[in-house]
Amino acid sequence: MQKQHIRTVQISMLALFSFLIVLDYFPDLPIIEAIPRNVVIFGIFGLILIALIFSVSINQDDLSVLKWQMGMMLYLLGLIAVLTILGGESSVGLAFDNYALWVVVGISITDILNRWRKIKKVDHATKNRLE
């Protein structure tokens, strides 16, 4: 049951961060102006706090974490691409021509590859023990 709660928190955080990225690319949208910024800030801090509480009590396996990391990276890069194609421009520099974005993507890919190698090593060791 707790895994379902952490998944709900993760999806809620993803939705809030997506909202913030859209706000960054299109700050003049009328629907965005209707939501008070205090509500968004309180929601983000609340979700981060809940995620920290749940992450202490839940041990997710490496494969689940790997899938989540890959999905998040691809989703955020895709969102940035779509918002750029729609004519938005990031006011904080979150764009493909910013080298800092590629440094973060590189670090993320390195972490993903290390986690994948660890999973493969454990799978290989388990397979050898069973044979």
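The sections below take up the chain as a whole and then its parts.

## Basis of the values

The model is predicted, and local features need pLDDT of at least 70, while side-chain atom pairs count only at pLDDT 80 or more and totals for chains, interfaces and linings use all residues. Residues are numbered from 1 along each chain as its sequence is written, and side-chain values use heavy atoms, with hydrogens and water left out.

## Overall fold

The chain holds five helices and zero strands, which along the sequence give the pattern α-α-α-α-α; helices (H or I, at least four residues) and strands (E, at least two) are DSSP runs, numbered from the N terminus. Among contacts (heavy atoms within 4.5 Å) between residues at least 6 apart in sequence, 79% join residues at least 24 apart.

Of the 131 residues, 24% count as buried, where buried means under 20% relative accessible area, exposed over 50% and partly exposed in between, with a 1.4 Å probe and protein chains only. The chain exposes about 9,400 Å², and carbon and sulfur atoms supply 69% of this area; accessible areas come from the Shrake-Rupley method with a 1.4 Å probe, and for residues only the protein chains shown count as cover.

## Nonpolar cores

A nonpolar core is a set of buried Ala, Val, Leu, Ile, Met, Phe, Trp, Tyr and Cys residues joined through side-chain atoms within 4.5 Å. The largest has 13 residues, of which I21, Y25, M73, L77, L83, L101 and V105 touch the most other members. The elements that give two or more residues to this core are α1 (2-25), α4 (62-85) and α5, and α4 gives the most, with six residues. A second, separate core has six residues, including M13, L16, I44 and L47.

L101 lies in helix α5 (residues 99-130) and counts as buried because its relative accessibility is 12%. Leaving aside neighbours within four places in sequence, L101 is in contact with L77, I80, L94, A95 and F96. From C-alpha to C-alpha, L101 and L77 are 9.6 Å apart in space, although 24 residues apart in sequence.

## The largest pocket

The largest pocket has a volume of about 320 Å³. On a 1 Å grid over the protein atoms alone, a pocket is an open set of points where a 1.4 Å probe fits, with protein on both sides within 12 Å along at least five of seven lines, and lining residues have an atom within 4 Å of a point. Grid points are joined across faces, edges and corners, and the volume is the space filled by probe spheres set on the points.

Of the 16 lining residues, M72, M73, L76, V104 and S108 are the closest to the pocket centre. α1, α4 and α5 are the elements that give two or more residues to the lining, and α4 gives the most, with eight residues. By class, the lining has 12 nonpolar, four polar and no charged residues; Ala, Val, Leu, Ile, Met, Phe, Trp, Tyr, Cys and Pro count as nonpolar, Asp, Glu, Lys and Arg as charged, and the others, Gly among them, as polar.

## Two partly exposed residues

W68, in helix α4, counts as partly exposed because its relative accessibility is 26%. Not counting residues up to four places away in sequence, W68 touches R7, Q10 and I11; W68 and Q10 are 58 residues apart in sequence and 9.4 Å apart from C-alpha to C-alpha.

L113, in helix α5, is also partly exposed, with a relative accessible area of 38%. L113 and L66 are 47 residues apart in sequence and 9.0 Å apart in space, C-alpha to C-alpha.
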